[in-house]
Amino acid sequence: MMAILRMFIVQRRAAVRLLAASLLCSFLCSFFCPMASAQTKSKLPAVEVFGGYSHLRFESKTLGFSDQSNLNGANLAVSLPDLYEGLGVAVDVSGYYTREMEEFNFMIGPQYSYQWKGIQLYGHGLFGKARNRLRQPGSTQLEPSHLGRAIAFGGGVDFALAERLSVRAIQADYLITSEFGSTQHNIRLSTGLIYRFGKR
């Protein structure tokens, strides 16, 4: 009988301690979890999506053309502009077209942004691949294409139009591609609109 009584007392003490520990954990969680959640929300990085017109001055003499080529196309970029004190990352895709050739670029790299009186200045270094296709009007043969290296160094200027909307007045890049065994030194100019998701 005494053994049963002692066991009951031990179990009751354990239950009281477990209940106290549970209440303490609940209190700590209710106090610290909202703070952590708010802090996490405030640190969510902004995402900027850019889309617009782009012009490519392509050094096509290296591919047997008589002169440089002027290609019109589009530029799309998605960036996390402020992962750490203005330093972020950008993914850049662009495509260009003429009767004689097509050029597509897929690049990613670091980007640094600086805000000044509603103006955002930025510079980036992008690295990736370029796909060039030489078109043959009037031919049914397979058009020759090549996948090579692409490197772009440049930057631009953005002006805020609204809280989440900006215009990219100009983006200028020195674009180096390696196509069909030769290297091209090209100039790329882009302009368009930017929409921002999240907070800066």
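Strands β3 and β4 run antiparallel and are joined by eleven bridges; strands are DSSP runs of E with at least two residues, numbered from the N terminus, and two strands pair if DSSP finds at least two bridges between them. The model is predicted, so local features need pLDDT of at least 70 and side-chain atom pairs pLDDT 80 or more, whereas totals for chains, interfaces and linings use all residues. Residues are numbered from 1 along each chain as its sequence is written, and side-chain values use heavy atoms, without hydrogens and water.

Three residues separate β3 and β4 in their hairpin. Leu87, in β3 (residues 87–97), stands opposite Tyr112 in β4.

Leu87 counts as partly exposed because its relative accessibility is 42%, between the limits for buried (under 20%) and exposed (over 50%), with a 1.4 Å probe and protein chains only. A nonpolar surface patch of about 770 Å² includes Leu87, Tyr112 and Trp116. The largest share, three residues, comes from β4.

Thr177, in β7 (residues 165–179), is buried, with a relative accessible area of 0%. Residues in contact with Thr177 (heavy atoms within 4.5 Å) include Phe58, Arg149 and Asn186, not counting residues up to four places away in sequence.

Conventions: Patch = residues over 30% accessible without salt bridge, like charges linked within 9 Å, V, L, I, M, F, W, Y side chains within 5 Å. Areas by Shrake-Rupley, 256 points an atom, 1.4 Å probe, with all protein chains shown as cover. Salt bridge = Lys/Arg side-chain N within 4 Å of Asp/Glu carboxyl O. Helix = DSSP H or I, 4+ residues; strand = E, 2+ residues; numbered from the N terminus.
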